[in-house]
Amino acid sequence: MDVRNCRSCGKLFNYMSGPPICDACRNSLEEKFIEVKEYIRENREAHIGKIAEDCEVSVKQITQWVREERLMLSEGCHIMIECENCGAPIRTGRFCENCKKKMCGELTGAYTGGAHMDDKKDASGKKLGSNKNRMRFLDNQ
């Protein structure tokens with residue numbers, strides 16, 4: 001059993017997973033999330049500072065919800081955060097579309113380009129590379 005102090009209120013609680021906050025603070029935070037979501041829906045022109053002030057939530061918490069993609073902001077909304085890679089303005093998530101595409105391409109290239117020489121084949125279908133690293137079995141006669 002993992003007992004911890006709640007990061008918000010300081011009370012002891014049985015920690016299971018996720019952020020180290022007790023059930024009461026988790027429920028309170030979820031109510032604040034719903035309040036912020038409704039406020040943004042009704043006040044599309046509001047800036048993040050105004051939302052935080054009116055809903056009594058930190059700007060950091062609102063930004064976290066946007067980065068977690070729990071809050072997806074419409075085109076008319078003035079809330080913008082920065083891409084963690086290049087700093088471009090984005091409406092949700094951690095990275096802009098260009099950085100996502102670039103990372104996807106790099107990962108795909110690393111995956112497909114990482115094939116061993118022994119696995120590559122020539123035009124006739126014959127394997128290239130040496131056989132020195134292959135496993136060999138002795139016949140039991």
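The sections below take these topics in turn.

## Basis of the model

The model is predicted; local features need pLDDT of at least 70, side-chain atom pairs count only at pLDDT 80 or more, and totals for chains, interfaces and linings use all residues. Residues are numbered from 1 along each chain as its sequence is written, and side-chain values use heavy atoms, with hydrogens and water left out.

## Strand pairing

Strand 1 (residues 2-5) and strand 2 (residues 12-15) run antiparallel and are joined by 4 bridges. Strands here are DSSP runs of E with at least two residues, helices are runs of H or I with at least four, and both are numbered from the N terminus; two strands pair if DSSP finds at least two bridges between them.

Arginine 4 has phenylalanine 13 in strand 2 as its bridge partner. The two strands form a hairpin with 6 residues between them, and glycine 10 in the turn has a positive phi of about 90°.

## Largest pocket

The largest pocket has a volume of about 280 Å³. Its lining has 14 residues, of which Arg7, Pro19, Ile21, Leu29 and Gln61 are the closest to the centre. A pocket is an open set of points on a 1 Å grid over the protein atoms alone, where a 1.4 Å probe fits, with protein on both sides within 12 Å along at least five of seven lines; lining residues have an atom within 4 Å of a point. Grid points are joined across faces, edges and corners, and the volume is the space filled by probe spheres set on the points.

Helix 1 (23-42) and helix 3 (59-67) each supply at least two lining residues, and helix 1 gives the most, with 5. The lining divides into 5 nonpolar, 4 polar and 5 charged residues. Ala, Val, Leu, Ile, Met, Phe, Trp, Tyr, Cys and Pro count as nonpolar, Asp, Glu, Lys and Arg as charged, and the others, Gly among them, as polar.

## Second largest pocket

The second largest pocket has a volume of about 160 Å³. Arg7, Leu29, Lys32, Val57, Ser58, Lys60, Gln61 and Gln64 line this pocket. Helix 3 gives the most to the lining, with 3 residues. By class, the lining holds 2 nonpolar, 3 polar and 3 charged residues.

## Cysteines

The structure holds 0 disulfides, a disulfide being a pair of cysteine sulfur atoms within 2.5 Å. The sulfur of cysteine 99 is 3.5 Å from the closest cysteine sulfur, in cysteine 96, which is too far for a bond.

Cysteine 99 is buried, with a relative accessible area of 7%, whereas cysteine 104 is partly exposed at 47%. Buried means under 20% relative accessible area, exposed over 50%, and partly exposed in between (1.4 Å probe, protein chains only).
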